[in-house]
Amino acid sequence: MFNVFNRYDQTPGEVNVAGTELKQRLDRGDKIVLVDVREQWEWDIARIDGATLIPLKELETRKSELNPQDEIVIYCHMGVRSLKALFYLQQQGFTNLKNLSGGIEAWSTTVDPKVPRYR
């Protein structure tokens, strides 16, 4: 799961979905729930249209806002927090989950350059 740079593998497959694939599916009208697990200040800088903000630290108390039957794609800045959220939700019985590979950073560089980048 980790590569030589101590980051989560950001390739599509398994639990990951590439931003380009997600964009195609959203453009087709596929019913996908986008969940952003970053902090409010990050959301204020950049977000993917249609997403719902549930910061990772609030996920345990707010998971009831999500339907375990829905297809859910989770994202954060680079993909680490969203993987933590994905694994947590799997433990809670959610089965149709994906992690946006590379997070909003990859989304900004490969899908929508209008989405601001930040550090």
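## Around helix H1 and its neighbours

The buried residues of helix H1 pack against strands E1, E2, E4 and E5, and against helix H5. Which residues of H1 are the buried ones? They are Gly19, Leu22 and Arg25. Because these three cover an arc of only 125 degrees around the axis, they sit on the same side of H1. Just past the end of H1 comes Gly29, with a positive phi of about 95 degrees.

Now step back to the whole protein. There are 5 helices and 5 strands, and reading along the sequence gives the pattern β-α-β-α-β-α-β-α-β-α. The chain has 119 residues, and 44% of them count as buried. Its accessible surface comes to about 6,900 Å², with 48% of that belonging to carbon and sulfur atoms. As for contacts with a separation of 6 or more, 64% of them link residues 24 or more positions apart.

How confident is the prediction? The average pLDDT is 90, and 89% of the residues score at least 70. Residues 1–10 are another story: there pLDDT stays under 50, and the model has 15 contacts beyond four places in sequence for this stretch. Where pLDDT is low, the predicted coordinates should not be read in detail.

Next, the strands. E5 pairs with E1 and with E4, and the table sets the two pairings out.

| Strand pair | Sense | Bridges | Residues standing opposite |
|---|---|---|---|
| E1 (residues 16–17) and E5 (residues 97–100) | parallel | 2 bridges | Val17 and Leu100 |
| E4 (residues 72–75) and E5 (residues 97–100) | parallel | 3 bridges | Val73 and Lys98 |

To get from E4 to E5, the chain passes through helix H4 (residues 80–91), and this β-α-β crossover is right-handed.

Strand E2 has a residue worth a visit too. Leu34 lies in E2, which spans residues 33–36. Is Leu34 buried or exposed? Leu34 counts as buried because its relative accessible area is 4%, and the cut-off is under 20%. Ala51 is 17 residues away from Leu34 in sequence, yet the two are 4.6 Å apart in space, C-alpha to C-alpha.

The last stop is helix H5 (residues 103–110), which is mostly covered, with 6 of its 8 residues buried. Those residues are Gly103, Ile104, Glu105, Ala106, Trp107 and Ser108. What do they pack against? The buried residues of H5 pack against H1 (19–28), E4 and E5.

Technical notes: Residues numbered from 1 in each chain as written. Predicted model: local features only at pLDDT ≥ 70, side-chain atom pairs only at ≥ 80, totals over all residues. Heavy atoms only, no water. pLDDT = per-residue confidence, 0-100. Contact = heavy atoms within 4.5 Å. Pairing = 2+ DSSP bridges. Helix = DSSP H or I, 4+ residues; strand = E, 2+ residues; numbered from the N terminus. Right-handed = clockwise from strand over helix to strand, strands pointing away. Buried < 20%, exposed > 50% of the residue type's maximum accessible area, 1.4 Å probe, protein only. Areas by Shrake-Rupley, 256 points an atom, 1.4 Å probe, with all protein chains shown as cover. Arc of directions from axis to C-beta.
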